[in-house]
Amino acid sequence: MKVAVSGKGGVGKTLIAGGLARGFVERGLKTMAIDADSSPNLALTLGLSTEEARKIIPLTENQPLVESKTSTGYSGVFNLNFTVDDIVRDYSVKTPLGVNLIVMGTIKAMGSGCMCAPNAIVRALLRHLMVERNEAVVLDLEAGVEHIGRGTARAVDVLLIIADSNLKSLEIAKHIHDMTAAAEMKHVYLVGNRVMNPSQEQAIKDFAAKNGLEILAFVPYDQKVIEADMLGETPLKNKEITSVRTIDNICDMLLKKNPT
Ligand SMILES: Nc1ncnc2c1ncn2[C@@H]1O[C@H](COP(=O)(O)OP(=O)(O)O)[C@@H](O)[C@H]1O
Ligand SMILES: [Mg+2]
């Protein structure tokens with residue numbers, strides 16, 4: 001099961017990506033979470049402390065790694081001289097919630113043909129994780145799917161687009177949804193997050209109906225999520241939180257759809 005989580009900044013992608021990754025682990029799947037946000041913070045959501053999280057160097061910013069793994073041939077094209085397995089082994093971090101985490105760093109739009117060394121590594125690594133390895137992957141994306149390249153996008157089994165009732169986040173959800181047709185993604189679902197009341201839920205439903213988005217679930221607004229975040233603790237630790245339980249249920253919904 002390869003799941004990518006997208007949507008406007010601040011809508012709850014990281015909370016939901018973390019909750020799904022933990023949920024897959026609890027259901028017996030070996031799971032890798034990939035933080036592909038340029039301001040990465042999935043580590044905290046997966047239970048690492050701020051001190052531990054600060055020590056993680058995103059792969060694209062790890063200059064010695066990038067230099068040692070790539071060399072420029074006569075053509076100016078980067079050669080990758082590593083097996084991607086090595087990177088997974090050496091640079092993934094085991095988190096308290098049982099999920100292995102790789103912090104990717106900024107992914108430049110891959111369709112743009114940028115062949116810079118970090119991009120070449122990210123591309124190879126994503127391909128390896130999404131296409132070749134037989135384990136669950138949850139990808140916490142910065143925005144839409146244009147960053148991951150079409151080849152990798154095709155390997156994504158499920159794309160979740162997160163939005164709240166704010167029209168800006170819904171417009172971005174629509175934009176991402178429109179792009180998925182080109183990327184040939186089949187299981188694309190909207191998740192309404194931070195829903196405070198029935199009228200917010202209705203606003204999301206109306207927008208989805210009008211724009212052809214399929215809704216998978218609604219995650220309620222929870223003050224306890226904010227409080228945990230303020231303390232630098234992961235909200236996922238507390239399963240009494242309704243929104244955390246709802247996200248956990250999404251794992252079962254996805255497994256039932258059997259998209260792989
Ligand atoms: N269901 C929810 N209820 C309350 N607060 C939430 C909920 N989901 C996310 N948040 C809060 O919203 C903020 C942004 O969430 P985050 O997962 O970091 O979003 P993103 O990764 O999309 O930027 C965080 O402070 C988080 O605690
Ligand atoms: Mg995030």
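Me: Which residues in H11 do Ile 16, Gly 19, Leu 20, Gly 23 and Phe 24 in H1 meet?

Reply: The model is a predicted one, in which local features need pLDDT of at least 70 and side-chain atom pairs count only at pLDDT 80 or more, while totals for chains, interfaces and linings use all residues. Residues are numbered from 1 along each chain as its sequence is written, and chains are lettered from A and ligands numbered from 1 in the order in which they are written. Helices (H or I, at least four residues) and strands (E, at least two) are DSSP runs numbered from the N terminus, and two residues are in contact if their C-beta atoms, placed from the backbone, lie within 7 Å. On that basis, the residues in H11 that meet those of H1 are Val 244, Ile 247, Asp 248, Ile 250 and Cys 251.

Me: How many nonpolar, polar and charged residues does the contact of H1 with H11 have?

Reply: Ala, Val, Leu, Ile, Met, Phe, Trp, Tyr, Cys and Pro count as nonpolar, Asp, Glu, Lys and Arg as charged, and the others, Gly among them, as polar. Sorted by these classes, the contact of H1 with H11 has seven nonpolar, two polar and one charged residues.

Me: Why are H1 and H11 called oblique to each other?

Reply: Axes are lines fitted to C-alpha atoms, for helices over the stretch in contact, with angles from 0 to 180 degrees between N-to-C directions. Angles under 35 degrees count as roughly parallel, over 145 as roughly antiparallel, 65 to 115 as roughly perpendicular and the rest as oblique. The axes of H1 and H11 (residues 242–257) come within 8 Å and cross at roughly 60 degrees, and the two helices are therefore oblique.

Me: Which residues are the closest to ligand 1?

Reply: A residue is near a molecule if its C-beta atom, placed from the backbone, lies within 6 Å of it, and 17 residues surround ligand 1. Helix H1 (13–26), strand E9 (187–195) and helix H10 (223–230) each supply at least two residues of this shell, which by class has six nonpolar, seven polar and four charged residues. The closest are Gly 12, Lys 13, Thr 14, Leu 15 and Val 225.

Me: Is Arg 194 buried or exposed?

Reply: Arg 194 has its place in strand E9, and its phi is near 55 degrees, a positive value in a residue other than glycine. A residue is buried if 20 or more other C-beta atoms, placed from the backbone, lie within 10 Å of its own, exposed if 12 or fewer, and partly exposed in between. Because Arg 194 has 23 C-beta neighbours inside 10 Å, it counts as buried.

Me: Which residues does Met 253 touch, not counting residues up to four places away in sequence?

Reply: Met 253 is found in helix H11 and is partly exposed, with 13 other C-beta atoms within 10 Å. The C-alpha atoms of Met 253 and Leu 216 are separated by 8.2 Å, although these residues are 37 residues apart along the chain. The residues that Met 253 touches are Leu 216 and Ala 217.

Me: How far apart in space are Ala 4 and Ile 161, C-alpha to C-alpha?

Reply: Ala 4 lies in strand E1 (residues 2–7) and is buried, with 29 other C-beta atoms within 10 Å. Although Ala 4 and Ile 161 are 157 residues apart in sequence, their distance in space, C-alpha to C-alpha, is 8.5 Å.
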